[in-house]
Amino acid sequence: MNASAIPGAAVGSARRFVGGAALLLRGIGLYVRSPGLMLLGIVPALISGTIFLAVYATLVYFVGDLARFVTPFADDWAPAGRNAVRVVAGLAILGLGGLLTVLTFTAVTLVIGDPFYEKISERVERRYGGTPDAVEVPFWPSLRRSAADSLRLVALAVLVGIPLFAAGFIPLLGQTVVPVIGAAVGGWLLAVELVGSPFYRRGKGLRDRRAVLKADRPTALGFGVAVFVCFLIPLGAVLLMPAAVAGAALLARRSLGQPITEA
């Protein structure tokens with residue numbers, strides 16, 4: 001690539017990233033203006049959110065013990081050094097726990113609320129022209145495929161999270177660069193996860209959605225990172241899950257070259 005074209009490409013990617021984040025805002029707008037969508041989506045998110053909030057609170061409560069468990073080499077260090085490395089270990093544990101909690105929450109909530117979120121996604125698509133070449137997807141096969149895809153994505157998150165956890169011990173880098181990488185990885189996996197329903201309606205599976213989103217990765221990352229950050233806010237995941245599903249329907253349509261403006 002010509003060196004002079006690099007700044008232009010970076011600006012274009014940044015614009016697409018912001019455009020992807022804006023899709024979540026549009027999803028929130030659709031969600032707020034549609035009380036029916038709110039009622040459909042809040043119940044499964046509330047059930048799942050209560051479970052995962054309790055799990056993460058337990059992690060926070062025991063993080064000191066876990067930090068000592070993973071740093072036995074520091075037992076004989078001077079108190080200042082021992083405490084410093086265990087604070088870093090605790091932050092790394094909480095960071096990994098946050099990544100896995102957000103992704104697992106999304107996967108479990110989508111499985112629990114599959115009929116609800118499918119209905120939300122369908123309503124959003126009808127608003128913008130419907131689903132071209134839609135295929136009939138029976139409930140149980142759809143649920144099994146969704147659960148299997150979710151497990152694969154969570155397993156991938158664990159594989160990526162382990163080296164990020166180890167990198168969290170690196171001074172400065174572990175507290176600055178690593179969280180950004182974690183948000184990017186989490187955002188990408190969330191985007192792939194959340195567009196499942198629109199793609200299934202078109203007869204497309206996990207491999208297809210990865211390929212389609214990869215063709216415009218900045219937009220998918222912008223949407224996914226925005227969702228990821230919002231889901232880290234207390235109660236954010238519960239309150240915004242239906243809006244994320246609505247925004248994901250718009251992301252799927254945009255990625256597939258279909259209109260996202262009302263006729």
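Residues are numbered from 1 along each chain as its sequence is written. Because the model is predicted, local features need pLDDT of at least 70 and side-chain atom pairs count only at pLDDT 80 or more, while totals for chains, interfaces and linings use all residues; side-chain values use heavy atoms, with hydrogens and water left out.

The protein contains 10 helices and 0 strands, where helices (H or I, at least four residues) and strands (E, at least two) are DSSP runs numbered from the N terminus. Its radius of gyration, taken over C-alpha atoms, is 20 Å, close to the 18 Å that the globule rule gives for 263 residues, so the protein is as compact as a globular protein of that length. The globule rule is 2.2 Å times the number of residues to the power 0.38. Along its principal axes, the C-alpha trace spans about 70 × 50 × 30 Å. Of the contacts (heavy atoms within 4.5 Å) with a separation of 6 or more, 81% are accounted for by residues 24 or more positions apart.

Of the 263 residues, 46% count as buried. Buried means under 20% relative accessible area, exposed means over 50%, and partly exposed lies in between (1.4 Å probe, protein chains only). Helix α8, residues 206–215, illustrates these terms: Leu206, Arg209, Val212 and Leu213 are buried. These four cover an arc of only 130° around the axis, which puts them on the same side of α8; the arc is that of the directions from the helix axis to the C-beta atoms. On the other side of α8, Arg207, Lys214 and Ala215 are exposed. Leu39, in helix α2, counts as exposed at 65% relative accessibility. The C-alpha atom of Leu39 is separated by 9.3 Å from that of Phe116, 77 residues apart along the chain.

The empty spaces come next. Rolling a probe the size of a water molecule over the atoms shows where empty space is left. On a 1 Å grid over the protein atoms alone, a cavity is a set of points where a 1.4 Å probe fits but cannot get out, and a pocket is an open set with protein on both sides within 12 Å along at least five of seven lines; lining residues have an atom within 4 Å of a point. Grid points are joined across faces, edges and corners, and a volume is the space filled by probe spheres set on the points.

The largest pocket has a volume of about 790 Å³. Its lining comprises 35 residues, with Tyr56, Leu94, Gly98, Leu99 and Leu232 nearest its centre. Helix α3 gives the most to this lining, 11 residues. By class, the lining has 25 nonpolar, 10 polar and no charged residues. Here Ala, Val, Leu, Ile, Met, Phe, Trp, Tyr, Cys and Pro count as nonpolar, Asp, Glu, Lys and Arg as charged, and the others, Gly among them, as polar.

The second largest pocket, of about 450 Å³, is lined by 25 residues, and Asp114, Glu118, Ser142, Ser197 and Arg201 lie nearest its centre. Its lining divides into 11 nonpolar, 5 polar and 9 charged residues, and α4 supplies the largest share, 6 residues.

The whole structure holds 1 cavity of 30 Å³ or more. The largest cavity has a volume of about 40 Å³ and is lined by Leu103, Thr106, Leu153, Val154, Leu189, Leu190 and Glu193.
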